[in-house]
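Here is a briefing on one structure. It covers helix packing, the ligand site and some backbone features.

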Amino acid sequence: MQIIVQTDVEKSAISRHIYGHFSEHLGRCIYGGFWVGEKSSIPNVDGIRLDVIEALKKINIPNLRWPGGCFADEYHWMDGIGPRENRPTMINTHWGGVTENNHFGTHEFLRLCELLECEPYICGNVGSGSVQEMSQWVEYLNSDNVSPMTKLRKENGRDQSWGVKYWGVGNENWGCGGNMRPEYYADVYRRYACYSRNYGEHKLYCIACGSNATDYHWTEVLMRDAGKFMDGLSMHYYTVATGNWKDKGKATGFGLGEWFGSLSNALQMDEVVTRHATIMDHYDPEKRVGMIVDEWGIWLDVEEGTNPGFLYQQNSIRDAMIAGLTLNIFNEHSDRVHMANLAQTVNVLQSLILTEGEKMLLTPTYHVFEMYKAHQDAVLLDTHLTCETSEHEGISITSASVSASRKDDAISMTVCNLDPNQSQDVQIQLRGNNVTQVVDARVLGAQAYDQCNTFDAPESIKPQPIDVKLTGDGQLSWTLPAHSLAVVTVK
Ligand code: AHR
């Protein structure tokens, strides 16, 4: 493949929030994944797993979305404050019908974000909650005035407001969040957002529920009827390997058909974002409203023997390639995509981290986020890619994906070889700048295209150094093995 990087043609800023994550009260994401409780023998800080905190800090996690997902629209925040032993239980009807004890609530989530040094992104309840309930939650979080909610927060041990900024007004209100029509939701959004107040210096960034994948009508109506009342509009897009939600495909032990099917499906993200962005451009040519892709990733059949409502799946190098190509797409659209959140951080869907009791492993997808952190808050550079297509039984996909950015005086390139069988020679021509040094060059690869890290072999897939040749005329070259991706940073 040949790549030209025009280092003097700077495009949009890549918000670090594109590298965000999502944690729902679903399966073992919160309970067992983040939260083990203060009395656990698993090392923890205030009940939160230390190994998970340390791992997420290493990727500079910029934000964390909570408490859902579908759970958000049946969550009543007041059940999750005060002494834990007094908190009422509820049934988590969406996810496995298990009893939720509400031990992880507002204070615990915001403590987690403090430990991670990331921005909280809270999604409020529109589907089954009242305007008053949402309004009071914001007051509880952000007010320092003399007020009933400030008083309650102080009684629960927190003097200072947290200053939460990212505020979701419902989740999937076209589906699990109330089965609403866009015309109806647009008005509901306006009402709930109106009573989600700013307190002092704490200005909310209000995110309206956006469309399900290719539902462009939803985006049209929301932008037309509520665009001026929102800061962000969400969008959810999941990759299904088989294209069939009833039989989504396996996480490991899959064939080439599923490799091609899933990558082809993931590559569609470019068209989906482009089409939503075109509608947004019509109503908001200044690009004030951010597209917030707050749920994305590969959704597979659950691992055998696990609760189907817990959405626990393994994570292979194929999933890492999906993460790599999707993040490259988001970078390219960073003029409009201001935030994105992979679903979900621990033990659910395309996880970064899997846990089993006290054991923890980092998935191949985790390593992609570690390698790609070079792009966080960098400036996108113009790139031009020429490559072959790869084909299998009538499905044809591009064989490569690339993104390049500049941060200070460093230029970073992330390159994916999407071909499951063929290695590729990468040749990058850096134009417009005098580059003299390779400061980082690593590859993430595997022996087989469905390989994953297991609790018996937790480090079989991890980044390795690669030899990159840099010549005086600004040419970089190396060989990228089949089904692998690389980050190269030069100065
Ligand atoms: O991430 C799992 C679920 O997928 C979320 O709860 C919901 O918003 C989406 O349908």
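Which residues in α8 meet which residues in α9? From α8 come Met-269, Asp-270 and Val-273. Their partners in α9 are Thr-326, Ile-329 and Phe-330. By class, this contact of α8 with α9 has four nonpolar, one polar and one charged residues. The model is a predicted one.

**α8 and α9**

- Helix α8 spans residues 269-283.
- The axes of α8 and α9 come within 10 Å and cross at roughly 25°.
- Angles under 35 degrees count as roughly parallel, and α8 and α9 are therefore roughly parallel to each other.
- The crossing of α8 past α9 is right-handed.

**α7 and α9**

- Helix α7 covers residues 256-267.
- α7 packs with α9 at an angle of about 20°, and their axes are 10 Å apart.
- α7 and α9 are therefore roughly parallel to each other.
- α7 passes α9 in a crossing that is right-handed.
- The α7 side of the contact consists of Glu-258, Trp-259, Ser-262, Leu-263, Ala-266 and Leu-267.
- These meet Arg-318, Met-321, Ile-322, Leu-325 and Ile-329 in α9.
- By class, the residues of the α7 contact with α9 divide into eight nonpolar, one polar and two charged.
- Ile-329 of α9 meets α7, and Ile-329 also takes part in the contact with α8.

**α9 and α10**

- Helix α9 runs over residues 317-332, and helix α10 over residues 364-372.
- α9 and α10 pack at an angle of about 30°, with axes 7 Å apart.
- That angle makes α9 roughly parallel to α10.
- α9 passes α10 in a right-handed crossing.
- On the α9 side, the contact takes in Ile-317, Asp-319, Ala-320, Ala-323, Gly-324, Leu-327 and Asn-328.
- On the α10 side, the residues are Pro-364, Thr-365, Val-368, Phe-369 and Tyr-372.
- By class, the contact of α9 with α10 has eight nonpolar, three polar and one charged residues.

**Ligand site**

- There are 13 residues around the ligand.
- Of these, Glu-24, Cys-70, Glu-172, Tyr-238 and Glu-295 come nearest.
- The side chain of Glu-24 has an N or O atom 2.7 Å from an oxygen atom of the ligand.
- For Glu-172, a side-chain N or O atom is likewise 2.7 Å from an oxygen atom of the ligand.
- Tyr-238 places a polar side-chain atom 2.7 Å from an oxygen atom of the ligand.

**Backbone features in loops**

- A cis peptide bond links Gly-68 to Gly-69, with omega near 20°.
- Gly-69 sits in the loop between β5 (63-66) and β6 (90-92).
- Another cis peptide bond runs from Ala-343 to Gln-344, with omega near -10°.
- Gln-344 is in the loop between β13 (337-343) and β14 (353-356).
- Ala-213 has phi near 50°, which is a positive value in a residue other than glycine.
- The loop that holds Ala-213 lies between β10 (205-212) and α6 (216-226).

Technical notes: Residues numbered from 1 in each chain as written. Predicted model: local features only at pLDDT ≥ 70, side-chain atom pairs only at ≥ 80, totals over all residues. Heavy atoms only, no water. Axes fitted to C-alpha atoms, helices over the stretch in contact; angles between N-to-C directions. Helix = DSSP H or I, 4+ residues; strand = E, 2+ residues; numbered from the N terminus. Parallel < 35°, antiparallel > 145°, perpendicular 65-115°, else oblique. Left-handed = near helix turned anticlockwise from the far one by under 90°. Contact = heavy atoms within 4.5 Å. Nonpolar A, V, L, I, M, F, W, Y, C, P; charged D, E, K, R; others polar. Near = heavy atom within 4 Å. Polar contact = N/O pair within 3.5 Å; in protein donor to acceptor, adjacent residues only side chain to side chain.
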